[in-house]
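Hi,

Here's the structure I said I'd pass along.

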Amino acid sequence: MTLRRSMLFIPGSNAAMISTAFVFKPDSVMFDLEDAVSLREKDAARLLVYHTLKSSLYDGIERVVRINPLSTPFGRDDLEAAVRGGADVIRLPKTETADDVKELETCVEELERKCGREVGSTLLMAAIESASGVINSVAIANASKRLMGIAVAGFDYVVDMQTERGDGSELFYARCAVLHAARAAKIDAFDVVYSDINNEEGFLKEVDVIKRLGFNGKSLINPRQIELLHNAYAPTQEDVDYANRVVAAAAKAEADGLGVISLNGKMIDAPIVDSAKRVLSRAQASGVRR
């Protein structure tokens, strides 16, 4: 199981944060060359991210680079630096249509061939930031075999919808649409940033909502949120104990040649067994909730 609970945003121009953020052990780190970098710092940030990718600082952590849109003067230079540097994933902002993903895929393959990377080794992620993107999310999610996930980006989306962040109801349709598109395409889905870094209670309430909906994880802007998020996503000991009993009952039924699985007098069907196996995989990867 590839855990992608936390994706920590790091401004590509922030050398201090780039040189230390790995100690917080996010599942993924996202070097941001887009909104977090001013126009006058674009070139310097691109060079800094390139050299960071070439270093061993983030070994064992999935390395994502958010480029500027390909339609801007910076997008293609960002992409070349990210691919040549060895980024694991390219995050495309402001994805509106499947054609946006296909264009990115074509450019990435050309760069892989030019710089000697294995063709297909660079994965893609699409960020959904508008009403059009939400409406087209099914087509976007199926646009490329390289696409490992799609993400809801809350700020631009609520602006496009002529509203503002509130209790989460303003994001409900977008979350559900993007999540269903991801699940139908069998890729990961990532929730929006929670920007009030001092409100742990509010953050955990939002995490509980998106976990229950089925999101794989959440974009983060502060390292303090990582441990909270990882713990919230870990199964409880009660979950693990029950999952072990389910898997054991399924194994016994198979060994006995039985077509019916029973546990404590209750019938257990295949989806419950699959769910139990996912719980055990998550516990093995992330531990048990404290």
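Leucine 258 sits in the loop that links helix H11 (237-255) to strand S9 (261-263). Keep in mind that this is a predicted model. Is leucine 258 buried or exposed? Its relative accessibility comes out at 52%, and the cut-off for exposed is over 50%, so leucine 258 counts as exposed. If you want a sense of distance, take arginine 63: its C-alpha atom and that of leucine 258 are separated by 46 Å, with the two residues 195 apart along the chain.

Now for the inside. The largest nonpolar core has 62 residues, and Ile10, Phe31, Val65, Leu79, Ile90, Leu104 and Ile150 are the ones with the most contacts inside it. Helix H8 (residues 172-185) supplies the largest share of this core, with 7 residues. Another core, of 10 residues, lies apart from it; Ala249, Ala250, Ala253 and Leu263 are among its members.

Which residues does leucine 104 touch, leaving aside its neighbours within four places in sequence? Those in contact with leucine 104 are Ile67, Leu70, Leu79, Ile90, Leu92 and Leu124.

Last, the strands. S1 (residues 6-11) is mostly covered, with 5 of its 6 residues buried. S1 pairs with S2 (residues 28-32) in the parallel sense over 5 bridges, and there methionine 7 has serine 28 as its bridge partner. S1 also runs parallel to S8 (residues 217-220), joined to it by 3 bridges, and leucine 8 stands opposite leucine 220 in S8.

Cheers

Note on methods
Residues numbered from 1 in each chain as written. Predicted model: local features only at pLDDT ≥ 70, side-chain atom pairs only at ≥ 80, totals over all residues. Heavy atoms only, no water. Buried < 20%, exposed > 50% of the residue type's maximum accessible area, 1.4 Å probe, protein only. Helix = DSSP H or I, 4+ residues; strand = E, 2+ residues; numbered from the N terminus. Pairing = 2+ DSSP bridges. Core = buried A, V, L, I, M, F, W, Y, C linked by side-chain atoms within 4.5 Å. Contact = heavy atoms within 4.5 Å.
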